[in-house]
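Subject: Structure handover

Hello,

Here is the structure for you to look through. Please open it next to this email and follow along.

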Amino acid sequence: MNVLSVDQLSKSYTEKWLFRNITFGISKGEKVALVGANGTGKTTLLKTIAGEIEPDSGSYALAKNNSVYYLAQEPILPSDKTIRETIYGEDNPVANVIRAYEDIVLDENADADQMQILLDEMTRLDAWEYEKKANQILAKLGIPDIELRNDTLSGGQKKRVALAQMLLVSPDLIIMDEPTNHLDLEAIEWLENLLKAHQITLLMVTHDRYFLDHVSDHILELDQGNLYQHNGNYTYFLEQKSKRMADESLEVGKARNLMKKELEWMRRQPKARGTKSKSRIEAFYELKDVATKNLNAAELEIDVKATRLGNKVIEVKDIGMSFGDQKIFDHFTYTFKRGDKIGIVGRNGIGKSTLLDILTLKTSPTSGKVIHGSTLQIGYYTQHTNNLNSQNRIIDEVREIADYVTLGDGSQVAVSKLLDMFLFPPAVQHTPIENLSGGERRRLQLLKVLVASPNFLILDEPTNDLDIDTLNVLESFLNDFGGCLLIVSHDRYFIDRLVDQLFVFKGDEKISEFYGNYSDYTLQKKANEQKGKKVEVIKPKQEKKKTKEVKLSFNEKYEFEQLEKEIEQLELNKKGLTKKINSGETAYEELTKWSNELKEVNANLETKTERWMSLAARAE
């Protein structure tokens, strides 16, 4: 029997159908994930089923006597209540008796008989176990002080309070929109195990691919207004989607070939066509719908050239940070190298973002110092989009940085073209930023960071509000990024794919180094815990100390200046050859000639760039 039944449900926004005539059901204990690109209507569908939005047509129904709890992306909590009053709701009899018992315990003049009544009621309702469960949930979600008022909480804290309330209510159907946002890795893994281990019925939207894979057993995909259903986890869904797209490609190809013939028939004189079969005309329009189907989902292309980076990047010397009497970390030393790809992990509020602010010189450490190399150009992508001017139009926001941007192949494009590549087509580029969704704001913020051509990217929770397709392309770009990369993220898949080293915050006033990705760290942590040991720091073999480099000689200074000119000319040659190869020239001999020349230019460019970097470091 279905806990939730959805029948022919439809919802449009202005003239666009978000979803139309979709039908599905969720059985008791089933864990369903809803996936799709930003803007396809996932959140709208959740809100519709939760009763917050009216559908245009169709219906949905919960099984009799079943309850539902909707965890929104940004929950709204009563501002005049405390966390305690929120999670122990007035309509919860167990919570009521716990609250009454706690009040009478604190009352020095409490009536003994009334206390006994409350003790008996606590036992009858098994409130002792409930309170134990509540304390465990609050601790795991990092909510230590339940007397705080809701209006003093950050957005992330409100999300965790709403999540705690949801788990304590234990509804028959849980609907969650991005539940892992604002949770640290430890809390995400705890929630993941909790949802897997219990007979919970769940409908969720999340971009966390490990969470999807480990929790969901059924995938619903919203794509161009249609709903596709897949039994199995996210990995199985990807396999089935690949097959479906291949089949659709064949179907559309056949329809386009047939449509050419039918189009000729349709273009004849109205009088001649009027004698033909009406059913053939109707069939033509059905064929047209198939033939004109868009198989090319919008793709985010990121190919912005990074500024050259010298040998000296960032040198961190024995830094420490304290806030009053609270010491965050101490005696941390590290020298960043070209090509470093490092992830930062640890609980929320433990100092990860503080370290990023120190490295970018936004905050001064309590002790020690941070030294930047002369060629360093940092791109800092924060988890807050408050550096966007809401009154600006999209295109004006980016033009404040540059009118033209150099791509990876050396070519230059106007900001308008780059916005189009970032899924902001010309029709929306003059839209005020205040009208953008959360995902669109994140994407625009990322674009602003990359337009400045940084050679050291620092990303603080970059995956929030980005859809999975955008994340896949972002990951591909970051894998190929030639500069340094430093990431704080709760997305385990994102961290695993991109980093080969971790800075680990454990809450012991130290920042430990671990060589490997997050999965490597987790495996070693579990292995060492079984042996009753702490995770050991594994470091690569130390290189022999290099002798102090001398300043450039007269001849090297001349070579350094000439290399700048030669590299610039080589990049122009590369741009010209690339343009020729992509021009559509069909002569095989010419294409072969240009390809060979391009290989030679690339090899020469790489050699001279490496030499420039070496001289640049000594010229500092």
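This is a predicted model: local features need pLDDT of at least 70, side-chain atom pairs count only at pLDDT 80 or more; totals for chains, interfaces and linings use all residues.

Begin with helix 4, which covers residues 112–124, and helix 5, which covers residues 127–140. They pack at an angle of about 75 degrees. Their axes are 6 Å apart. Angles from 65 to 115 degrees count as roughly perpendicular, so helix 4 is roughly perpendicular to helix 5.

Which residues in helix 4 and helix 5 meet? Helix 4 brings Leu-119, Met-122 and Thr-123. Helix 5 brings Ala-127, Trp-128 and Glu-131. Sorted by class, this contact has 4 nonpolar residues, 1 polar and 1 charged.

**Salt bridges**

How many salt bridges does a search of the whole structure find? The total is 14.

The side chain of Arg-209 meets that of Glu-475 in a salt bridge, with 2.6 Å from N to O. Look at where the partners sit. Arg-209 belongs to helix 8 (residues 209–215), and Glu-475 belongs to helix 16 (residues 468–480).

Arg-209 has 4%, so it is buried. Glu-475 has 0%, so it counts as buried too.

Arg-209 also forms a salt bridge with Asp-491. Here the closest N and O atoms are 3.6 Å apart. This pair links distant parts of the chain as well: Arg-209 is in helix 8, while Asp-491 is in the loop between strand 18 (484–488) and helix 17 (492–498). The two are 282 residues apart. Asp-491 is buried, like Arg-209.

Now put these together. Arg-209, Glu-475, Asp-491 and Arg-497 are linked in a network of salt bridges.

**One more pair**

Finally, find Glu-315 and Lys-317. They form a salt bridge, and their closest N and O atoms are 3.7 Å apart. What is the relative accessibility of each? Glu-315 has 23%, so it counts as partly exposed. Lys-317 has 33%, so it also counts as partly exposed. Compare that with Arg-209, which is buried.

Best wishes

Methods:
Residues are numbered from 1 along each chain as its sequence is written. Side-chain values use heavy atoms; hydrogens and water are left out. Axes are lines fitted to C-alpha atoms, for helices over the stretch in contact, and angles run from 0 to 180 degrees between N-to-C directions. Helices (H or I, at least four residues) and strands (E, at least two) are DSSP runs, numbered from the N terminus. Angles under 35 degrees count as roughly parallel, over 145 as roughly antiparallel, 65 to 115 as roughly perpendicular and the rest as oblique. Contact means heavy atoms within 4.5 Å. Ala, Val, Leu, Ile, Met, Phe, Trp, Tyr, Cys and Pro count as nonpolar, Asp, Glu, Lys and Arg as charged, and the others, Gly among them, as polar. A salt bridge is a side-chain nitrogen of Lys or Arg within 4 Å of a carboxyl oxygen of Asp or Glu. Buried means under 20% relative accessible area, exposed over 50%, partly exposed in between (1.4 Å probe, protein chains only).
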